[in-house]
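Subject: Handing over the structure, with notes

Dear colleague,

Please keep it in view while you read, and look up each place as it is named.

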Amino acid sequence: MAQTIDPRSGFCKSNSVFYSKRKPIPLPPNQSLDVTTFIASRAHHGRTAFIDAATGSKLSFAELWRAVESVASCLAEMGVRKGHVILLLSPNSIFFPVVCLAVMSLGAIITTTNPLNTPREISKQISDSKASLAFTTLELVPKLAAASSLPIILIDGTSSQSTSNVKIVNNLSEMMKKEPSGSRVKDRVNQDDTATLLYSSGTTGASKGVVSSHRNLIAMVQTVLSRFNLEDGEQTFICTVPMFHIYGLVAFATGLLASGSTIVVLSKFEMHEMLSSIQKYRATYLPLVPPILVALINGANQVKAKYDLSSLNWVLSGGAPLSKEVIEGFVEQYPTVTILQGYGLTESTGVGASTDSLEESRRYGTAGMLSTSMEAKIVDPESGKALPVNRTGELWLGGPTIMKGYFSNVEATASTLDSQGWLRTGDLCYIDDDGFIFVVDRLKELIKYKGYQVPPAELEALLLTHPEISDAAVIPFPDREVGQYPMAYVVRKSGSNLTDSAIMDFVARQVAPYKRIRRVAFITSIPKNASGKILRKDLIQLATSKL
């Protein structure tokens with residue numbers, strides 16, 4: 001088999017599969033293993049696990065693992081068992097990881113949600129995921145008021161603080177103080193058991209629960225450690241990415257701990273706090289999204305005059321490939337910092353492709369080379385035939401990080417995972433002679449707003465509930481600052497004088513801020529194909545032809 005793989009592109013002619021050119025990762029052979037135990041058992045010399053950027057308070061590794069053990073003990077006493085789903089609704093904090101690690105160590109399942117989501121969106125996720133308990137902050141308790149029977153544990157504050165019509169049963173600080181019980185019965189957790197249930201918009205329609213196993217998370221942790229060469233010693237990472245996202249949850253809230261690295265946690269993204277934290281804690285790694293990278297280039301003179309960023313060695317960019325101008329602009333302004341990129345989906349546990357050196361990042365516009373232990377196919381969407389190098393088709397991914405499927409959704413799973421477990425990414429790509437992946441377009445129709453995913457179908461369904469709207473279509477509108485924002489084409493009912501601002505307000509009241517419609521155009525009819533599917537391409541062309 002090995003002799004037929006082209007060492008340059010990784011392509012194997014006999015089965016039309018592209019293989020990763022990176023060193024394969026070792027995966028633990030022991031089947032009875034949960035991701036928390038896997039992370040906790042890695043040897044390292046690190047002392048401080050987490051630092052809260054705003055207050056400076058710290059959690060050492062010893063304190064962290066003691067807290068995880070105590071919280072797991074309390075949860076077990078409260079009746080939490082393997083397979084139970086626990087909701088975590090919280091901004092980034094040094095306690096977010098404690099909750100995740102404790103829940104997963106019991107074989108229970110963590111489901112996270114964006115604190116910006118509305119009570120309506122959150123209660124939908126609670127009922128879909130069948131969550132039996134929630135962790136949240138005092139400030140976010142009102143968002144759970146709709147699910148009044150759900151027991152709540154406060155991450156901050158005390159259980160005695162009055163909060164109307166919700167059921168507060170405990171608080172994290174008390175749980176963390178408790179002596180772990182040595183006698184509790186532990187359910188046996190296997191690598192194939194479910195660890196996380198994160199909601200992703202998938203290719204179409206409403207968001208779906210992505211079921212990831214302990215094996216998926218362990219493989220992701222191994223990928224991160226080998227990619228950042230963390231076997232060679234501890235580093236300090238600034239955590240700007242949301243921990244409720246797959247990448248934040250698996251890398252920053254949990255995985256990087258295995259290397260003894262220190263994570264400096266920002267509760268929300270703020271440019272000054274990020275830059276002063278790099279200076280104060282001598283951070284070596286900074287993850288960010290392209291708009292922040294552009295801001296660092298444009299404001300380079302002020303940034304360098306005000307902050308000492310000399311400790312910074314690496315910047316990790318994700319969300320969209322970087323152009324030549326951005327990469328070279330950054331290299332010119334910050335010559336000692338290496339810029340790396342990553343490509344992944346919730347469905348692939350955040351793993352897919354990456355550039356691991358400046359030389360690789362200089363393949364301008366690439367999403368990177370296949371991550372370690374990953375395989376890919378490029379499939380012609382029309383014929384279903386797997387294609388060779390330099391041919392464009394849908395990217396399919398295979399490997400140890402690919403999800404088990406969508407939660408309680410056989411149909412969506414079957415349309416995304418094929419019978420052999422290949423994940424259809426919905427991205428049109430080609431792989432060049434050297435094994436670099438280039439994303440040409442999205443088969444998917446998701447709108448990417450500042451790295452958030454906005455499914456147009458969800459907004460269209462909402463617009464159709466308006467009494468004066470007879471039809472609607474939502475498309476991505478390109479924008480330099482945010483990437484894309486939702487634009488609506490609306491057909492008014494006859495006799496209606498509905499205005500664009502009234503439509504934007506109607507939507508804004510019911511969705512998270514990043515999903516708001518920011519542009520409206522009126523049209524006599526929505527173009528559709530024979531099977532009634534909206535021809536978004538035509539509308540995108542119509543909208544952008546006026547630019």
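Contact means heavy atoms within 4.5 Å. By that rule, and leaving aside its neighbours within four places in sequence, F135 is in contact with L75, I86, L87, L88, L89, V99, I153, I155, L172 and M175.

Before going further, please note that this is a predicted model, in which local features need pLDDT of at least 70 and side-chain atom pairs count only at pLDDT 80 or more, while totals for chains, interfaces and linings use all residues. Residues are numbered from 1 along each chain as its sequence is written, and side-chain values use heavy atoms, with hydrogens and water left out.

The domains come next, with bounds taken from an automatic or database domain assignment. The protein is divided into domain 1 (11-28 + 212-442), domain 2 (35-52 + 59-180) and domain 3 (447-545). Between the C-alpha centres of domain 1 and domain 3 there are 30 Å, and 6 residues of domain 1 are in contact with 5 residues of domain 3.

F135 also belongs to the largest nonpolar core, which has 124 residues. A nonpolar core is a set of buried Ala, Val, Leu, Ile, Met, Phe, Trp, Tyr and Cys residues joined through side-chain atoms within 4.5 Å, where buried means under 20% relative accessible area, exposed means over 50%, and partly exposed lies in between (1.4 Å probe, protein chains only). The members that touch the most other members are F50, L64, L75, F135, F228, L397 and L463. Helix 2 (residues 61-77) gives the most to this core, with 9 residues; helices (H or I, at least four residues) and strands (E, at least two) are DSSP runs, numbered from the N terminus. A second, separate core of 30 residues includes I238, Y281, I327 and I339.

Strand 28 (residues 483-492) deserves a slow look. Of its 10 residues, 7 are buried, so strand 28 is largely enclosed by the rest of the structure. Two strands pair if DSSP finds at least two bridges between them. Strand 29 (residues 519-522), by contrast, runs parallel to strand 28, with 4 bridges joining them, and here A488 has V520 as its bridge partner.

P335, in the loop between helix 11 (324-333) and strand 16, counts as exposed because its relative accessibility is 64%.

Finally, S16 has a phi near 60°, a positive value in a residue other than glycine, and it counts as buried at 16% relative accessibility. S373 has a phi near 65°, again positive in a residue other than glycine, and is partly exposed, with a relative accessible area of 24%.

With best wishes
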